[in-house]
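Visitor: I'm new to this one. Can you put it up and walk me through a few spots?

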Amino acid sequence: MNVLWSKLREVIIAVLPITFIVLILHFTLTPMDSNLIFPFLIGAGLIIIGLAIFLLGVEVSITPIGEELGKTIAKSNKLWIVIIAGFILGFIISIAEPDLHILAGQVETVTSGAMTKLALVVIVSIGIAVLLAVGLVRIVYNFPLYKLLTILYGLVLLFAIFVTPEFLAIAFDASGATTGAMTVPFILALSIGISSLKKDSKASEKDSFGLVAIASIGAIISVLVMNIVSRTNQLTGGIPEHQVQETASIYVPFLHILGELSRDVLIALAPIIVIFLIFQRISFKLSRNTVRKMITGLVLTFIGLVLFLVGVNAGFMPLGIELGASIAELDSMVYLVGIGFILGLVTILAEPAVYVLTKQIETVTSGYVKRKVVLITLAIAVGGAVALSMIRILIPDLQLWHYILPGYIIAIILTYIVPKLFVGMAFDSGGVASGPMTATFILAFTQGAASKIENADVIIEGFGMIAMVALTPLITLQILGLLFKWKSKKGGLEL
C-alpha cells in the first residue's frame, strides 16, 4: 500500500497540470460543452487511479518477466535462438500493443477505410519483430548502437524518397505509437536481462538502452516498404462528423468502450502470461511465492491499463478534437502554437512508459542521471514538437520531411559525439515519449486543429505529430549527454 500511495502521488502531480490547463482554457478562451468537460474530469480521475495501479503492476510483473526472458535467451548463446525468440516476442508484443490499435483505428477512420486497421497492425508488427531480433543480435555480439542506427535511418531516409506525404506521416506515427505502455516495459526489461550477463559492466550499462529505438524503426520501414510495393495512391479523408458531436450521457462513452478496451488489454497480456508460464516450467524455476507475486502484478497491470485507456479514450480524446478545433478558430494563430507547446509540455508527464524509462535510467546509472532531469528535458522536447506540428498545420508549404530530414541527420551526427550511454537513452526516449496520451489526446487536438485550418489536410497535417514527438527527444537527450560529458570531464569522471 505504501508503494501504491507513492506512485499515486507521482501520478497526481503528473496529471493535474494538463487538467488545470484544459479547465483554464474552458473558462477563458474556449468554453466547452458540459458533455465534454464532465467526461474529461471523470477521465482524469480514471487516468490517475489507473496509471498508479499500472506502474505498480509493471514493477512486480512485466519488468522481472522481461529480465528473466532476456537472461534465458542470452544463456542459449545460439544465434538462431536469439533471432527466432526476438522475432516471436517482437510480433506478439507489437500486435497486442493498445497504442498501435488506437492509431490504426484513427487511420482507418480518417481515411474512410482506405487503410484498414488490421493491415496496418500486422504490417507494423512484422517490422517490429524483425528489428527486435536484429536488436537482440546487436546486444549479444556487441555491435555499436550508433553504427546500427546510422544504417537503419539511412534506409528510412532512402525509402522515404519514394512514398507519398500521407504514408510518410503514418509510418513515423506508427513508430511512436508502437512503443507504448505495454511494449516499452517489456522490451526495456528484455534488453537489461540480456545485457546483465555481460562481464564488461560498462558495455552492459550502455547496451541496456537502444532496443526500443531499434524496434521502433521497424514500424517506419515496414509501412514505407508497404507503400512502395503496393503503390497505393494518395489517401484522402477527414474527421467524421459523429466524432465531434455531443454525447447524450456522460457515462455512455465510458461504458461503451470498457468492454472493447478490456478485451484489447487482455489480448495484450495473454501472450506474456503464456510465455512466462512455459518458461517457468522449462527454465526460470522461480519460487512459488515469486510466481504468485508476478501473477498478482499482471492482474494489477491489466486493471490499471484498462482504467487508464478508458479515461484517455472516453474522457480526453473527444475533448481533444473539440479543443483543437476551437483554438484553431480563434483570431490569433499564436494561441494554437503556444497552447500546443504547453499541452505537449505537460502531457509527457502523464505518459506511463516515460516513468518506466526514467526510473530505468536512474537505476542503471546508479543515480548519476536523475529522472527529474530527464523528465524536464523530455517535457521541453515534446512541447517543442507539438508547437512545430501546429506551425506545420498553419503553413501548408511546410512539409513533414522538412523537419524529419534535418532532425534525424542532426540526431545521427550527435551519436558520434555524445557518451554512448546517452545514445541509447535518447533514441529509446523518442519512442517512449509518444505513448497513449500523445496518441490520443494530442493527436486528437492536432486533427481537430487541422480540420479547421484552411488549406490544411487532416491526413497530411493531422498525422505526423507523433513523428515529431518521437524525433525531438533524440536531439535534446543527446544535448543533455554533451552537458554531462562536459560536467564529468570537469569533475574528473568518465562516462
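Visitor: Is A96 buried or exposed?
Guide: A96 is buried, with a relative accessible area of 4%. Buried means under 20% relative accessible area, exposed over 50%, and partly exposed in between, using a 1.4 Å probe and protein chains only. This is a predicted model, in which local features need pLDDT of at least 70, side-chain atom pairs count only at pLDDT 80 or more, and totals for chains, interfaces and linings use all residues. Residues are numbered from 1 along each chain as its sequence is written, and side-chain values use heavy atoms, leaving out hydrogens and water.

Visitor: Where does A96 lie?
Guide: In the loop between α3 (79-95) and α4 (98-110). Helices (H or I, at least four residues) and strands (E, at least two) are DSSP runs, numbered from the N terminus.

Visitor: And which residues does A96 touch?
Guide: Leaving aside residues up to four places away in sequence, A96 touches H101, D264, I267 and A268. Contact here means heavy atoms within 4.5 Å. A270 is 174 residues from A96 along the chain, and their C-alpha atoms are separated by 9.1 Å.

Visitor: Switching topic. How many helices and strands does the protein have?
Guide: There are 19 helices and zero strands. Of the 495 residues, 59% count as buried.

Visitor: What about aromatic pairs, how many?
Guide: Rings of Phe, Tyr and Trp (its six-membered ring) pair if their centres lie within 6.5 Å; planes under 30 degrees apart count as stacked, over 60 as edge-to-face and the rest as tilted. By this rule there are ten aromatic pairs. In one of them, F172 and Y408 have ring centres 5.7 Å apart and planes at 35 degrees, so the pair is tilted.

Visitor: Where are F172 and Y408 in the chain?
Guide: F172 is in helix α7 (residues 165-178) and Y408 in helix α16 (residues 400-415), 236 residues apart, so the pair links distant parts of the chain. F172 is buried, with a relative accessible area of 3%, and Y408 is buried, also with 3%.

Visitor: What are the distance and angle for Y368 and F484?
Guide: Their ring centres are 5.4 Å apart and their planes at 65 degrees, so that pair is edge-to-face. Y368 sits in the loop between α14 (352-364) and α15 (371-394), while F484 is in helix α19 (residues 465-490). Y368 is partly exposed at 26% relative accessible area, whereas F484 is buried at 9%.

Visitor: Which residues do ring pairs link into a cluster?
Guide: Y153, F172, Y408 and F427.
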